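The sequence and the structure come next.

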Amino acid sequence: MGHPPAYDGPAIAVSDLRMRYGDKDVLTGLDLEIEPGGVTALLGPNGAGKTTTIEILEGFRGRSDGEVSVLGVDPARGDEAWRARLGVVLQEWRDNGKWKVRDIVGHFAEYYRPYTEPWGAGELLEMVGLTAQAGQRIQTLSGGQRRRLDVALGIIGKPSLLFLDEPTTGFDPHARREFHELIHRLTDLDGTTILLTTHDLDEAEKLAERIVILAGGRIIADGSPDQLARAAATTAEVKWIQEGQLQIHATEDATDFVRKLLATDDGKVTELEIHRASLEDAYLELVAKFEAGQAATAVDTFLAKLWLASFAKREATR
Ligand SMILES: Nc1ncnc2c1ncn2[C@@H]1O[C@H](COP(=O)(O)OP(=O)(O)OP(=O)(O)O)[C@@H](O)[C@H]1O
């Protein structure tokens with residue numbers, strides 16, 4: 001009654017999305033499909049285009065080219081009823097700090113009422129852990145409390161799809177943990193799909209069942225935290241000193257390599273070390289190269305590591 005018809009396609013479907021600012025290509029052909037339910041993290045270094053992507057999906061930003069469907073609607077043509085099915089938590093937004101927490105929640109609830117039955121202020125503030133702050137002015141909240149209010153305002157209309165842009169930037173470890181607990185609580189709500197952006201791999205691994213890595217204008221890796229970790233962990237780096245020289249060799253079978261090395265070294269190998277690359281190593285290297293302005297090399301190296309790993313896996317299953 002008054003509610004939009006149920007939609008049972010993908011929550012998000014993006015095909016060959018392109019975005020160019022002036023003469024700078026930020027997205028160069030992004031393909032992404034997200035089924036309803038669960039948390040997906042869009043992970044990437046600063047400047048990779050995460051905010052651009054999420055703002056296009058939210059309908060806040062036009063695109064240069066490509067097909068985009070969010071809850072079955074092109075965001076460029078989304079109406080108010082469509083918007084009311086989305087929850088949006090921006091990187092930061094300004095409001096009047098003199099408002100009381102309970103009052104701003106009530107104000108936002110009214111916006112959604114023509115389309116849906118919003119959360120009541122009491123239960124919503126309880127859910128985000130702000131009951132004690134209900135009568136406080138926004139300007140007196142801590143950073144973590146402030147962010148929880150942002151989330152409360154994002155979910156007040158019981159959205160089918162919630163966007164969170166860099167939700168924990170600037171948090172201390174305690175606030176971050178509390179926030180992660182809040183997200184886990186939200187995913188227990190009926191069928192809410194969450195897409196969040198972060199540049200922190202640890203956060204993506206803790207929060208999301210699917211991690212999509214964006215770099216160099218496109219998606220360069222996509223999988224569960226476990227799948228990506230396994231893909232990155234297959235290659236090992238063997239380091240040793242021989243006749244005063246540091247030697248390094250990358251291999252998928254470190255045991256076999258070391259056995260052969262020691263069988264023929266005449267006792268000259270010292271300081272032998274085996275380091276198995278982790279997803280974190282691969283990702284940190286990607287970020288460092290990206291920040292040094294070597295976007296193309298960064299992506300190639302990262303892909304080589306994951307490719308080598310998936311190739312090794314294919315060989316092993318033959
Ligand atoms: N309105 C704009 N005009 C011109 N360039 C822009 C605009 N918005 C973003 N950019 C550029 O596009 C690139 C991607 O920016 P975007 O904010 O989407 O990246 P991001 O991955 O969200 O980064 P961060 O993690 O730092 O928020 C950056 O180089 C940025 O400077």
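By class, the shell around the ligand holds 3 nonpolar, 7 polar and 1 charged residues. The model is predicted. The residues that surround the ligand are Y21, V26, G44, N46, G47, A48, G49, K50, T51, T52 and H199. Helix α1 contributes the most to this shell, with 3 residues.

Helix α1 is largely enclosed by the rest of the structure, because 7 of its 9 residues are buried. Those buried are K50, T53, I54, E55, I56, L57 and E58. Just after α1, G59 adopts a positive phi of about 85°.

Strand β5 is covered on both faces, with L86 and V88 buried on one side and G87 and V89 buried on the other. In a regular strand, side chains alternate between the two faces of the sheet. β5 pairs with strand β6 in the parallel sense, over 4 bridges. Within this pairing, G87 stands opposite L162 of β6.

The largest nonpolar core has 69 residues, and A41, A152 and F163 touch the most other members. Helix α10 supplies the largest share of this core, 6 residues. Leaving out residues up to four places away in sequence, A41 touches L196, T198, A204, L207, A208 and I211.

The elements named above span these residues:

| Element | Residues |
|---|---|
| Helix α1 | residues 50-58 |
| Strand β5 | residues 86-89 |
| Strand β6 | residues 161-165 |
| Helix α10 | residues 279-291 |

Terms used
Residues are numbered from 1 along each chain as its sequence is written. This is a predicted model: local features need pLDDT of at least 70, side-chain atom pairs count only at pLDDT 80 or more; totals for chains, interfaces and linings use all residues. A residue is near a molecule or strand if its C-beta atom, placed from the backbone, lies within 6 Å of it. Helices (H or I, at least four residues) and strands (E, at least two) are DSSP runs, numbered from the N terminus. Ala, Val, Leu, Ile, Met, Phe, Trp, Tyr, Cys and Pro count as nonpolar, Asp, Glu, Lys and Arg as charged, and the others, Gly among them, as polar. A nonpolar core is a set of buried Ala, Val, Leu, Ile, Met, Phe, Trp, Tyr and Cys residues joined through C-beta atoms within 7 Å. A residue is buried if 20 or more other C-beta atoms lie within 10 Å of its own, exposed if 12 or fewer, and partly exposed in between; C-beta atoms are placed from the backbone. Two residues are in contact if their C-beta atoms, placed from the backbone, lie within 7 Å. Two strands pair if DSSP finds at least two bridges between them.
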